[in-house]
Amino acid sequence: MATFSTETKVPFSLDPYHVSADLGFVLQAPLQELPEYYQPWMDIAFQVSDLVQSHTLRSHIDKMPLLSVEYLKSHRELRLAHLALSAMTMGYVWQEGEDGTIERLPRTLAVPFWEVSGCLGLPPILTHADAVLANWKKKDADGNLELLVTLPGGDSVRGFFMVTLLVELAAVPALRSIPAVVNGVRQGDGEAVASALEVLQQSLQDMTDTLKLMHVFVEPSIFYGIMRIYLSGWKDNPSMPHGLVYEGVEPEPVQLSGGSAAQSSLLHCFDQLLGVQHEAKSGHFLHRMRDYMLPAHRRLIQDLSREPSLRDFVQGARAGDARLSRAFQLCVTRLVALRSDHINMVSRFISVPAGRARQLRSQGHTAGGALSRAPVALEERGTGGSGIMTFLKTVRDRTRDARLPGSSGVLRDQGPGWDEDSQ
Ligand code: HEM
């Protein structure tokens, strides 16, 4: 964020950024069908998981007609088309596992996928904006949710995308409080900023509580042994060292990262707001993940970075304003705790199964459970291709540095969980 100034502007609002008051970054009422003309896509997209399992997805896609994208008119039609084409693409590339990859995506898939991606400003690969934000429908009148499009991994895939969606929804009050923070800082209104930060810290706590549901609904061996490869991309991936040629579009292979919640705009916004400064390498990766977000959401993060600094405001206006500094410190503490819980989750869903899979391989077990057949190429490397834990811990530790100096005592009475970042 820039330095504090009192210049008057139009009040900051989330309206220009396609963020809804009810659902935040989540797409409202995603469509479940495209116009009839696109039925050849949807027939395959709704069955990707089964067709991969029967090793027939590639042959179905190879026989697909080349369809024009000109009948896709609305944003929601484009989002469903991107979701459908991206699921087909992940299935096509990874159908035969890491040793049976392809170098070219056939033109019947590549050309429309490239064009739809261009219309939306998204890359032609499965992103968080597809698999989570635009991939839900109401299952029944009670409001229970279901995925639109799924990938191999059964209930664990459903759990993985649904819990991530619930984390997005738990963050909605935090998102809604951003304009009050920004406008309060602009106007020098410490009371308004403190109230908004109190909402924000509670929402961060709710996100952390919701994240824990991953342990209930996702089986680590299924995540690691079966699902993870279908989220993998073709950048820094030893299984596809050259990337992927999109036939009929580009003669040169393209390198793209796979789907990850690092592409969710939530933590990018909170980092900007709270003044978290990431270290160069991890900051570069996180910045690159913005290319995998919708342009309007990316713009929100950029615009927040141009606002007067909240942290400077809290420090400067702070003398005697214990409520304001306490609310700010709590927000940072909650964000650190969220990242610590996420690190624990990554350990349980990646590091531990990776160790077990290595052990099974060294003992010569190649048949049986999901882990004995787990892909080896990515092991403990993340979407960015580097060591996951080092990256995640550096990001968490830089978050901790955003705390105001010399006021940790303000948090002592927060009870269990206020300092969960001590690992
Ligand atoms: C089984 C569940 C999950 C696993 C195994 C997992 C794994 C990972 C990995 C390996 C990374 C490193 C970067 C990359 O490879 O893309 C990462 C980053 C990240 N993940 Fe997750 N993740 C999970 C769930 C979630 C959920 C539900 C969220 C919240 C929406 C989330 C938010 C993030 C964020 C924001 C980053 C970027 C680093 C940061 O800002 O701290 N992850 N995750």
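These are my notebook entries on a predicted model of one protein chain.

**Entry 1: the whole chain.** I started with the overall picture and found 17 helices and four strands. The C-alpha trace spans about 70 × 55 × 45 Å along its principal axes. I then looked up the radius of gyration: it is 22 Å, which agrees with the value near 22 Å for a compact globule of 423 residues. Of those 423 residues, 45% count as buried. I also checked contacts between residues at least 6 apart in sequence, and 81% of them join residues at least 24 apart.

**Entry 2: the core.** Which residues have the most contacts inside the largest nonpolar core? I noted Val48, Ala84, Ala87, Met88 and Cys331, in a core of 123 residues. Helix H16 (residues 322–362) gives this core its largest share, 14 residues. I followed up on Cys331: leaving aside residues up to four places away in sequence, Cys331 touches Leu197, Leu200, Gln201, Leu204 and Leu274.

**Entry 3: helix H8.** Next I picked H8, which runs over residues 172–187. Its 16 residues reach 24 Å from first C-alpha to last, close to the expected 22 Å. Where does H8 bend? I found a bend of about 25 degrees at Ile178, with a proline, Pro179, following within four residues. Ile178 is also buried, and other buried residues of H8 include Val172, Leu175, Val182 and Arg186. What do the buried residues of H8 pack against? My list has helix H7 (154–170), helix H9 (190–211), helix H12 (265–274) and helix H15 (310–316). Last, I looked just past the end of H8, where Gly188 takes a positive phi of about 70 degrees.

Key
Residues are numbered from 1 along each chain as its sequence is written. This is a predicted model: local features need pLDDT of at least 70, side-chain atom pairs count only at pLDDT 80 or more; totals for chains, interfaces and linings use all residues. A nonpolar core is a set of buried Ala, Val, Leu, Ile, Met, Phe, Trp, Tyr and Cys residues joined through C-beta atoms within 7 Å. A residue is buried if 20 or more other C-beta atoms lie within 10 Å of its own, exposed if 12 or fewer, and partly exposed in between; C-beta atoms are placed from the backbone. Helices (H or I, at least four residues) and strands (E, at least two) are DSSP runs, numbered from the N terminus. Two residues are in contact if their C-beta atoms, placed from the backbone, lie within 7 Å. The expected span of a helix is 1.5 Å times one less than its number of residues. The bend at a residue is the angle between axes fitted to the seven residues ending there and the seven starting there. The radius of gyration is taken over C-alpha atoms; the globule rule is 2.2 Å times the number of residues to the power 0.38.
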